[in-house]
Amino acid sequence: MNLIKYYNKKPVKKIQVFCCDPDWIQTSDLLLRRQLLYSAELPDHPILKSSRKNKFFMFACQSNYQMDVKIEPHWKEILREEFNKPYFQQIVLHLRTERSQNKTIYPPGSQIFNAFDTTPIDKVKVVILGQDPYHGPGQAHGLCFSVQNGVAPPPSLINIFKELNEDIGVPIPNHGNLTHWAEQGVFLLNASLTVRAHEPMSHSKIGWAIFTDTVIKKISEEREHAVFLLWGKFAQEKRVLIDETKHLILRAAHPSPLSASAGFFGCKHFSKTNHYLMAHGIDPIDWRL
């Protein structure tokens, strides 16, 4: 996994264990199991004294290493503190453990922060919030709702294109790659940045929500006159993270076929977004793909 590398800072005596899934702990010793489930100093336990490597235990020195995350420089500076918090270390260990178990994770490591790399924070005009990446082969590439070239657009994305066509007359494209939007300042953020293959929401509780909630807060704090498109109940719960005195929040039903007819179709969010941006002297988004 090429997302993160470690570098030595200074030696420390205190070693801590970070775990975020009870399934990782393979021991019948209840005391040891409890200690491994929480951040704690390693106990004086015969299993841990052994020099034999045990693949079921993942250890990290809390103060001995810093995360060097491969991400766009401005985002890296703003999020530096988050990368060194225990919850983010847990995310990394979770992903590495699953990879060591030959589990497939989407998107590939180099694309986990694609939304950040394509849309630096000083360029953000619009935020669209998704839930988690697509979990099929070749779909996810780090931009919510978007799929890679050569992959058929999923139903929710097709409905987004239908509303876009009805709203401002943009032709429905023959692909589902939204990179052109991201390059113009549309920040396409999933609440969870990874997912196990064929298991939707499988990484929703490993810590990503803490990270992406912080990202939303940072955008609200750092930017002026951004538009937040909150589609569906899940996205709308993030409203509390946004300063509505300086940004526009537009809410609608989710574009899924199960709910699009209940308020997404006809919401006209694309034209409303551009009207708001232009009213504040900001170049509108060219929604054509």
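Okay, a definition to start: a residue is buried if its relative accessible area is under 20%, exposed if over 50%, and partly exposed in between, using a 1.4 Å probe on protein chains only. By that cut-off Cys144, at 0% relative accessibility, counts as buried, and Cys267 is buried too, with 8%.

Quick housekeeping. This is a predicted model, where local features need pLDDT of at least 70 and side-chain atom pairs count only at pLDDT 80 or more, while totals for chains, interfaces and linings use all residues. Residues are numbered from 1 along each chain as its sequence is written, and side-chain values use heavy atoms, leaving out hydrogens and water.

So, how many disulfides do we get, taking a disulfide as a pair of cysteine sulfur atoms within 2.5 Å? The count is zero.

Now look at His247. You'll find His247 in the loop between α10 (233-236) and β10 (248-252); helices here are DSSP runs of H or I with at least four residues, strands are E runs of at least two, and both are numbered from the N terminus. His247 is buried, at 5% relative accessible area. A polar atom of its side chain lies 2.9 Å from the backbone oxygen of Ser220. Beyond its neighbours within four places in sequence, His247 is in contact (heavy atoms within 4.5 Å) with residues including Arg223, Phe228 and Tyr276.

Tyr276 takes us to helix α11, residues 269-279, where it is one of the buried residues, along with His269 and Phe270 among others. What covers the buried residues of α11? The cover includes β6 (126-130), α7 (155-168), α8 (179-183), β9 (227-231) and β10. After α11 comes Gly281, with a positive phi near 75°.

Note on methods:
A polar contact is a pair of N or O atoms within 3.5 Å; within protein, one must be able to donate a hydrogen and the other to accept it, and residues adjacent in sequence count only if both atoms are side-chain atoms. A disulfide is a pair of cysteine sulfur atoms within 2.5 Å.
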